[in-house]
Amino acid sequence: MLTVMKFGGTSVGSVEALKRVSEIIASCKGNVVVVTSAMSGITNFLEEAYSVLPFKAAEVAERFEKKHLEVAEALLGKDNMSAFLKEFESRMKVFTTLIQDDSSRLNDPYYMDNVISQGERFSSLLLSHQLILMGKDSAALTSEDCGIRSEGRPMNGHADLRSTEAAMGFMIRPYLDRGCIPVITGFYGVMENGKPLTFGRGGSDYSAAVIANALNADLLEIWTDVDGFMSADPRIVKSAVKIEEMNYGEAAELAYFGAKVLHPRTIEPIRMKHIPLRVRNSFRPEDCGTLVSHLRRPREGLLRSIAAKTDLSIISFSSSEMAYHPDIVSKILSMLSEEDVTLYSVSTSLSTVAFLIHNNDVRKTLKKFNGSNDPNIERIDIKSNVALISCVGDSLLSRCGVSAEIFAVVKDAHASVQMISEGASDVSLNFVVPMGRVTDIMRMMHARFIEGGQPKETE
Ligand code: ADP
Ligand code: ASP
Ligand code: MG
């Protein structure tokens, strides 16, 4: 039995949290591979520190070092630091040299990926040395050590699953064969040129799924700070409840459309090998969390979970009778793809095609199309600051009146629907509303379709 366990930032964010997760790891039967995020706050710290580099590099390095050393001393004890310090100092040396690099690299997004992925190298060290102190054999490994191959754009990389599998089998098996627990850095892989490339914020979930795929694990466990995959974000809907079982499709849709508990691409590598996933709470390990797998038992009720993706824009391209000229749409799509723009929804009419994209992608999209001077595109319109609400439930397409029931709630919330995406999947119905209305609509929908009553909380 091989279990890949991933711990998020809050799960490794303090001395107590690190001790708690070490106990969880030590009590797991069979082989274990651990994947960890940076300690909570560290990736944000690196992102903010980036703006003062390289001038304040010494100060940044000092604060970074102090934070990790304080935790290490409290965790391991002053007398048990020598093996830890040896590895720590060599990783600190690499970090300090990196951030002192000349300022001409600061505009290079690959360099930024390298800097902000540094936190994972230190949390993995802390966790591994705590396991050693508990009498376990453990090794702190980087993505470079394991051969996790990444490709794509900065902050948006994805793994090359084939070459990662080939490399990891070779590099990790010897550790497992001797009963050692590898603790691996999440968040990034390594490009062909040997440089780090991150999978985007929250990317350690995806790292863990990639590692589970590469090692043909029997189980992936994502340990976080809530009881499992819930019926909505509990920070928005206080009465959200844990979902016991989900299938891969449901979890993937919700993660893609804003359920932050999983990185959007987490499901892809495990679904292809039918590896079950459990989402669990590291602060309440007695709870068995949510099981995500190929099959699940059917359930009563219209909806199972609701997610929202905020900060989106609708960009519409108009051209007379576009529907008779599919080549125009195909050209627009390939230009969007050249700019690596993620599409969250598409809607068409006779003379307009509208895409839902992230607010951050609007500027580069407009630049691309204005620069192309394509005579076929007569107008481009933008509606910014909208949000997409994604409703996931069983057989939404085959049930009668589902949309009517859902849109009745939007009407009761005095909001207007700006775009609809229905029919592409039997498990989800998505629609776009103004950003300011999202919280109310989500709470009202949760109350009506999941709790079966009126919302309990008010703003
Ligand atoms: P980690 O640091 O462990 O990766 P994240 O902060 O990335 O944790 O993800 C966990 C958070 O995701 C929860 O604290 C919760 O607020 C948020 N979240 C959003 N949607 C959901 C959902 N449907 N189920 C559970 N948590 C959710
Ligand atoms: N440390 C990274 C982040 O904060 C990756 C992760 O936590 O999954 O985004
Ligand atoms: Mg996360």
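This is a predicted model: local features need pLDDT of at least 70, side-chain atom pairs count only at pLDDT 80 or more; totals for chains, interfaces and linings use all residues.
**Notebook: strands, domains and ligand shells**

Residues are numbered from 1 along each chain as its sequence is written, and chains are lettered from A and ligands numbered from 1 in the order in which they are written.

**Entry 1. The antiparallel sheet**

I looked up how β14 is joined to its partner. Strand β15 covers residues 352–358, and four bridges join β14 to β15 in an antiparallel run. A hairpin of three residues leads from β14 to β15. I counted two strands as paired if DSSP finds at least two bridges between them. Strands of a sheet pair through backbone hydrogen bonds, either parallel or antiparallel.

I then followed the sheet as a whole. Six strands form this open sheet, in the order β14-β15-β13-β16-β18-β17, with antiparallel pairing. Its edge strands are β14 (345–348) and β17 (419–422), each of which pairs on one side only. The twist averages 25 degrees from one strand to the next; axes are lines fitted to C-alpha atoms, for helices over the stretch in contact, and angles run from 0 to 180 degrees between N-to-C directions.

M419 has V432 in β18 as its bridge partner.

**Entry 2. The mixed sheet**

I recorded a second open sheet, of eight strands with mixed pairing, in the order β3-β6-β2-β1-β9-β11-β12-β10. The edge strands are β3 (138–141) and β10, and each pairs on one side only. From one strand to the next the twist averages 20 degrees.

I traced one end of this sheet by its bridges. β9 (residues 219–224) and β11 (residues 277–281) pair in the parallel sense over five bridges, with E221 opposite R278 in β11. β11 and β12 pair in the antiparallel sense over three bridges, and R278 stands opposite L291 in β12. β10 and β12 pair in the parallel sense, also over three bridges. L291 in β12 is the bridge partner of E245.

**Entry 3. Two domains**

I looked up the division of the chain: domain 1 is 2–293 and domain 2 is 305–451, with bounds from an automatic or database domain assignment. The domain centres, taken over C-alpha atoms, are separated by 32 Å. I found 16 residues of domain 1 in contact with 19 residues of domain 2; contact requires C-beta atoms, placed from the backbone, within 7 Å. On the side of domain 1 that touches domain 2, α10 gives the most, with four residues. That side divides into eight nonpolar, five polar and three charged residues. For these classes, Ala, Val, Leu, Ile, Met, Phe, Trp, Tyr, Cys and Pro count as nonpolar, Asp, Glu, Lys and Arg as charged, and the others, Gly among them, as polar.

**Entry 4. Helices against the sheet**

Which strands does α10 lie across? Helix α10 (residues 248–256) lies across β13 (305–318), β16 (379–392) and β18, running at about 140 degrees to β16. Helix α15 (residues 438–451) lies across β13, β16 and β18, at about 135 degrees to β13.

Why is α10 largely enclosed by the rest of the structure? Eight of its nine residues are buried, so α10 is largely enclosed. I took a residue as buried if 20 or more other C-beta atoms, placed from the backbone, lie within 10 Å of its own. Among the buried residues of α10 are Y248, E250 and Y256. The cover over them includes β10 (245–247), α11 (267–271) and β12 (290–293), together with β13, β16 and β18. After α10 comes G258, with a positive phi near 115 degrees.

**Entry 5. The ligand shells**

I listed 19 residues around ligand 1, the closest being G8, T224, M230, D233 and V261; a residue belongs if its C-beta atom, placed from the backbone, lies within 6 Å. This shell divides into seven nonpolar, eight polar and four charged residues.

Around ligand 2 I found residues including G8, G9, S37, T43, R201 and S204. The shell of ligand 2 divides into two nonpolar, nine polar and one charged.

Terms used:
Helices (H or I, at least four residues) and strands (E, at least two) are DSSP runs, numbered from the N terminus. Two residues are in contact if their C-beta atoms, placed from the backbone, lie within 7 Å. A residue is buried if 20 or more other C-beta atoms lie within 10 Å of its own, exposed if 12 or fewer, and partly exposed in between; C-beta atoms are placed from the backbone.
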